[in-house]
Amino acid sequence: MGKTIHTGPIRLPKKLDPKLWVNKVPFGLGQVKPHHIKETLKIAWDNRDQLPYAYRILTQGVCDGCALGVSGLYDRTLEGPHLCTTRLNVLRLNTMPAIEPATLHQEIEQLRKLDSTALRKLGRIPYPLIRRKGEARFTRLTWEEALETIAAKIRSIDPMQLAFYLTARGITNESYYAAAKVARLLGTNHIDNASRICHSPSKTALKRSVGIGASSCNYKDWIGTDVLVFWGSVAANNQPVSTKYMYAAKRKGTKIIVINPYYEPSMEQYWIPSIPESALFGTKLADDFYQVNIGGDIAFMNGVMKHWFEMEEQSPGSAIDHAFVEEHANGYEALRAHVLQQNWAQLEQSSGLSRERMLEFAQLLAGAKSAVFVWSMGLTQHRFGTDNISQVANLALLRGFLGREHCGLMPIRGHSGVQGSGEMGADPFSLPGGEFKDADRKRIEKEWGFKLPEWQGDIVGVSLENALLPEEHSRKLKLFYTSGGNFLETMPDPDFVRRCLEQVDIRVHQDIVLNTSTLADAQEAVIVLPAMTRYEQPGGGTSTSTERMVYYSPQIEGGPVVGEARPEWAIYAELAARVNPANERRVAFRSADDIRKEIARAVPYYDGIQHLSKRGDVFQWGGAWLCEGGVCPTQDGRGQLIPIELPELRKPEGHFLVTTRRGKQFNSMIYSETDPFNAADRYDVLMNADDAQSLGLKPADAIVVYNRYGLMHGRVKLVPVQRGNLEVHWPEGNCLIPKGVYEPHAGIPEYNTAVVVEKAETFHAFKDTKYVEKRIAELETEMG
């Protein structure tokens with residue numbers, strides 16, 4: 001833990017800087033870009049029935065969008081108000097009235113005609129519901145009936161047959177903590193969350209490389225660093241307020257580098273609505289793009305380090321910070337030997353970049369006194385995601401970019417609730433304030449007053465697959481309790497996931513709205529429990545941002561009264577007591593404040609959360625910089641340089657690597673059928689122009705993208721993406737992604753694969769012959 005304290009927000013310069021303008025045309029007229037004013041007016045209209053309450057949410061609450069940590073309209077990075085359309089789009093979830101009974105209780109087949117966007121717009125879930133096997137519609141339950149039905153099932157099954165899952169949808173630290181405790185009290189370690197599906201390789205790699213499980217630095221460190229690198233992260237789209245930090249960094253002379261297969265237009269230039277200069281004339285953000293192959297990052301980083309070591313042979317000290325490495329890192333010689341024996345031709349082929357381009361990046365970092373590396377799912381959601389992140393840590397350690405101002409390693413979070421999930425113990429590898437190891441288990445058993453199950457819990461993908469195990473199997477999933485989440489739209493192979501969901505005896509959906517997975521059948525019953533939003537919860541709640549800021553968000557009065565919705569943490573506590581009355585004293589959470597007091601004891605570095613009680617309260621655990629001064633929280637206080645092997649990219653000649661991307665959406669919640677940055681529709685397939693020409697394809701041609709896992713009908717969209725690579729929207733492209741492929745260290749699903757592309761007319765002309773099977777067999781043979 002660091003000793004330096006975060007010094008609070010800084011001011012933006014007042015003088016204009018025309019060098020950064022995109023052009024002199026006001027508001028980007030004629031450009032393909034978001035229209036913030038128009039969209040804001042539309043959102044205001046959508047919330048017109050609750051405008052005063054919506055205003056209080058925006059000005060008093062902590063943002064329930066991305067994890068930048070905006071409290072009210074202000075944050076700890078820059079002075080002045082911040083507001084983005086992502087937060088505004090999520091706003092309606094908090095202001096909607098309840099679903100009309102006639103709509104809610106119509107036949108399930110009618111509801112199934114709606115997609116998740118339409119289901120969300122129906123309104124909030126007003127009271128507990130049940131739909132038993134064979135029933136055509138939901139019927140109403142009392143809370144007592146609902147909880148007793150769930151409790152009775154839990155009592156009748158082996159705890160290994162019970163699994164919990166929590167999404168990132170506005171969930172607070174208090175709810176994560178209550179769920180983590182209740183799951184273990186009920187005897188199961190099958191508990192997982194959305195954060196782990198996105199960033200578990202970040203935590204795993206950072207732990208093994210530098211001993212930490214969170215961002216080592218702050219957003220303030222972006223502003224004035226020599227080089228700011230975004231690796232597999234499209235922050236301008238997924239965390240729009242971050243563009244304001246990028247603007248401030250550019251004004252300080254920071255070079256912004258993007259490493260991504262696609263030349264993302266939102267990272268090249270952006271019209272930042274809360275900065276008048278930028279709102280009028282736009283801001284040039286990225287100084288350079290390095291367009292790696294999908295999965296080519298390890299080769300690229302090995303190439304960069306190979307250049308460094310070769311530079312060192314010519315001029316010692318020209319690339320490596322030897323003083324830092326000697327004092328703070330192990331494994332230098334092993335890494336050096338491993339990297340120097342790498343073959344340049346193989347590095348170029350794997351990365352998709354030339355030796356000369358790798359040298360440019362190597363020289364840029366070698367000449368920098370400071371750098372911050374920011375990454376997201378473009379690095380994590382691979383079967384080698386942990387190795388990707390350890391490679392980034394290798395670069396930082398070799399240059400000493402750790403534990404000081406304007407330096408650091410930052411896995412940027414996509415939701416305001418996710419950083420705290422593992423820290424509260426809501427995943428199978430974690431307990432509050434630690435890992436699922438003997439020392440932490442004994443510590444938590446002492447705090448909680450009961451013995452924890454010792455067996456290793458499953459990640460959520462495996463839990464779902466366990467629904468298909470034989471009836472007598474001890475791990476057959478029989479009760480699945482999910483707080484939010486829609487696995488039909490977030491996991492690979494949706495058809496397989498549906499089969500898994502429908503094989504569970506009882507499925508519990510604790511949520512604020514319906515989605516398509518809520519409507520799937522179950523062997524015995526589907527039970528729906530209405531939850532409060534974070535702004536309705538009595539006693540308020542806390543969330544932890546990417547930079548480890550723990551913010552208090554108060555209960556906001558005056559919103560719509562939504563039936564019988566309850567605080568999520570209270571539902572978990574009452575369920576535990578229903579299963580066994582003796583449990584009541586163990587989870588006797590009388591208030592949110594009670595939970596915060598317990599968190600302060602169970603999670604030592606969260607000491608301070610118990611004092612958060614009013615609007616604007618915040619503290620940062622760990623200080624401004626983790627690994628401050630280069631001292632890592634490892635056994636010997638040193639970081640570990642780790643030689644990383646090149647992964648097999650599995651792209652046969654003439655085929656394509658495909659990855660998924662986000663459009664105008666927040667997680668799986670889609671707000672527009674058209675991406676405002678490139679005008680792509682949801683079923684457009686982003687393709688390189690040369691690749692399209694080689695296949696005889698033109699813009700808007702109908703194509704089929706397929707492999708042995710599934711197929712997707714789409715249309716050609718020509719964009720500047722690296723040759724041999726395709727991008728499709730998520731979740732529409734999930735049908736192409738193989739099920740059951742998990743990163744071995746962290747258990748994250750892989751969202752990348754190899755595919756064949758055909759003209760639709762060709763595919764359908766030959767689909768009844770062996771042609772398609774032959775193409776797939778060829779694909780699989782060459783991938784083997």
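Q: Contact means heavy atoms within 4.5 Å; which residues does T546 touch, not counting residues up to four places away in sequence?
A: In this predicted model, T546 touches A67, S215, Y219, M410, P411, I412, R413 and Q419, with neighbours up to four places away in sequence left out. The residue itself is found in the loop between β18 and β19.

Q: Why does T546 count as buried?
A: Buried means under 20% relative accessible area. The relative accessibility of T546 is 0%, and it therefore counts as buried.

Q: What makes the side chains of T546 and Y219 partners in a polar contact?
A: A polar contact requires a pair of N or O atoms within 3.5 Å, one able to donate a hydrogen and the other to accept it. The two side chains make such a contact at 3.0 Å.

Q: How do you know that β18 and β19 pair, and in which sense?
A: Two strands pair if at least two bridges are found between them. β18 and β19 (residues 549–553) have four bridges, in the antiparallel sense.

Q: What is the order of strands in the open sheet of three strands, and which are called edge strands?
A: The order is β18-β19-β20, with antiparallel pairing. The edge strands are β18 (541–544) and β20 (618–620), each of which pairs on one side only. From one strand to the next, the twist averages 20°.

Q: Which helix lies across β18 and β19, and at what angle to β18?
A: Helix α8 (residues 173–185) lies across both strands and runs at about 90° to β18.

Q: Why is strand β26 described as largely enclosed by the rest of the structure?
A: The strand spans residues 702–706, and four of its five residues are buried, so β26 is largely enclosed.

Q: How do you know that β26 pairs with β27 and with β29?
A: At least two bridges are needed for two strands to pair. With strand β27 (residues 711–718), β26 has five bridges in the antiparallel sense. With strand β29 (residues 752–759), β26 has four bridges, again antiparallel. Individual positions show the arrangement: V705 has M712 in β27 as its bridge partner, while I703 stands opposite K759 in β29.

Q: What makes R131 count as buried?
A: The cut-off is under 20% relative accessible area. R131 has 5% relative accessibility and therefore counts as buried. The residue belongs to strand β1 (residues 129–132).

Q: How do you know that the side chain of R131 has a polar atom within polar-contact distance of E135?
A: The limit for the pair of N or O atoms is 3.5 Å. A polar atom of the R131 side chain lies 3.4 Å from the backbone oxygen of E135. Leaving out residues up to four places away in sequence, R131 also touches I108, R112, A136, R137, F138, L519, A520, D521, A525 and V526.

Q: Which residues touch the most other members of the largest nonpolar core?
A: They are W231, W308 and F373, in a core of 142 residues. Helix α14 (residues 297–314) gives the most to this core, with nine residues. The core draws at least three residues from each of domain 2 (101–194 + 417–623) and domain 3 (200–414). With neighbours within four places in sequence set aside, W308 is in contact with A319, I320, A362, L365, A366, L395, L398 and R399. A second, separate core has 36 residues, among them V234, Y270, A286 and I412.

Q: Is the peptide bond from W730 to P731 cis or trans?
A: The bond is cis, with omega near 15°. P731 is in the loop between β28 (725–729) and β29.

Conventions:
Residues numbered from 1 in each chain as written. Predicted model: local features only at pLDDT ≥ 70, side-chain atom pairs only at ≥ 80, totals over all residues. Heavy atoms only, no water. Helix = DSSP H or I, 4+ residues; strand = E, 2+ residues; numbered from the N terminus. Axes fitted to C-alpha atoms, helices over the stretch in contact; angles between N-to-C directions. Contact = heavy atoms within 4.5 Å. Buried < 20%, exposed > 50% of the residue type's maximum accessible area, 1.4 Å probe, protein only. Core = buried A, V, L, I, M, F, W, Y, C linked by side-chain atoms within 4.5 Å. Domains from an automatic or database assignment.
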